[in-house]
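Below is a short briefing on one structure. It covers a sheet, a metal site and a set of annotated positions.

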Amino acid sequence: MAEGTPTPGSMMMDNPEAAHMMQPITAPNVQPATEAEGGLPLEYRLEDGVKVFELTTKAVQWEILDGVTVTAFTYNGTVPGPMIRVTEGDQVRIIVKNELPDPTTIHWHGVEVPNAMDGVPGVTQDPIEPGETFTYEFTAKRAGTFMYHSHYKGDVQVGAGLYAPFIIDPKEPLANPPAVDKTLMISEWRITDGRTYAAMPMSGMEPNYFTINGKSFPATETITVKKGDLVRLRFIAIGQFIHPMHLHGVPFKIVATDGHPVPEAAQLTKDTVSVAPGERYDIEFVATETGQWMLHCHILHHTTNDNVEPGGLMLMINIVD
Ligand SMILES: [Cu+2]
């Protein structure tokens, strides 16, 4: 695959170090993804009471929509990468093998880890070079909605798909657990002339595709729930843009922000919540009205696929009897 050239006359001319931002996402011999769905729970093995997970970073061709494929940097070949789901108090070990053409590291966003496990290259660790392996290990402390993502050239690698949910469940089961519990990771892409770029809020790099769990509407998941069900949605914004997520039909309560539970008396009842880069909001609602209810971003350019509506950040919640 040919290398792209930085746009002449842009700020890149003054700052060649920043030129990586303008390059298409490429890797040698990128193969089509073998999995169709991202963000699914990752299997682990128990070793002396430690939950051991294995991640491999690699580039794949990832279909975000029928006929629209991006070149993605992934964990285990999916966008998002697999969900790591553990319980409060668990000892967790994550072995990361880097099969990307570039160095990388993983940051455990919001998770309270020892400093040496924080994944900041040049500060808490050396970058994991191509072909190398690095092991992260920590105790999962507080329950909540977190994520993991690259912290190496994050402006490119995160936009290229190196992100995934990290959920810590409470040790004491909830008195009133939701019947449906879905994690929705929101991000953006720039595709020009068939090439994939990491979208970012700068001239020439604005996104033209938007994904929930690696898919653009109508390829996004339809969530089917029973009338009367308590539904929890965990929004995680991992792109570079704010997304005011709006739910039709039923109001919701914000039950947790950035992995911290909101006390019941302080829970706002809303129908739209703005999720900024890095933020997580857990919302809950009772599915009181049957029908097909839309959940979508209310920046309406974000509900298009390459400027064609409908698309992007939309999904249907199907409430059935
Ligand atoms: Cu949006």
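UniProt positions are given in the numbering used here, feature names are shortened, and annotations may be inferred rather than shown by experiment. The unreviewed UniProt entry carries the annotation "binding site" for His109, His149 and His298. These positions spread over 190 residues of sequence, and in space they lie up to 25.7 Å apart between C-alpha atoms.

This is a predicted model: local features need pLDDT of at least 70, side-chain atom pairs count only at pLDDT 80 or more, and totals for chains, interfaces and linings use all residues. Residues are numbered from 1 along each chain as its sequence is written, and side-chain values use heavy atoms, with hydrogens and water left out.

**Annotated positions**

- Histidine 109 sits in strand β7, residues 106–109. Strands (E, at least two residues) and helices (H or I, at least four) are DSSP runs, numbered from the N terminus.
- Histidine 109 counts as buried because its relative accessibility is 18%. Buried means under 20% relative accessible area, exposed over 50%, and partly exposed in between (1.4 Å probe, protein chains only).
- Beyond its neighbours within four places in sequence, histidine 109 contacts Phe146, Met147, Tyr148, His149, Gly278 and Arg280. Contact means heavy atoms within 4.5 Å.
- Histidine 298 lies in the loop between β22 and β23.
- With 41% relative accessibility, histidine 298 counts as partly exposed.
- Histidine 298 contacts Pro244 and His246, again leaving aside neighbours within four places in sequence.

**Copper site**

- His243 (ND1), Cys297 (SG) and His302 (ND1) coordinate the copper ion at 2.0 Å. Donors are N, O and S atoms within 2.8 Å of the metal (3.2 Å for Na, K and Ca); water is not among the atoms, so sites may look incomplete.
- The sequence spacing of the donor residues is H-x53-C-x4-H.
- Cysteine 297 and histidine 302 are both buried.

**The five-stranded sheet**

- An open sheet of five strands runs in the order β14-β23-β22-β16-β20, with mixed pairing. Two strands pair if DSSP finds at least two bridges between them.
- At the edges are β14 (223–226) and β20 (272–275), each pairing on one side only.
- Neighbouring strands are turned by 20° against each other on average, direction ignored. Axes are lines fitted to C-alpha atoms, for helices over the stretch in contact, and angles run from 0 to 180 degrees between N-to-C directions.
- Strands β22 (residues 291–297) and β23 (residues 314–320) pair in the antiparallel sense over six bridges.
- Glutamine 292 has asparagine 318 in β23 as its bridge partner.
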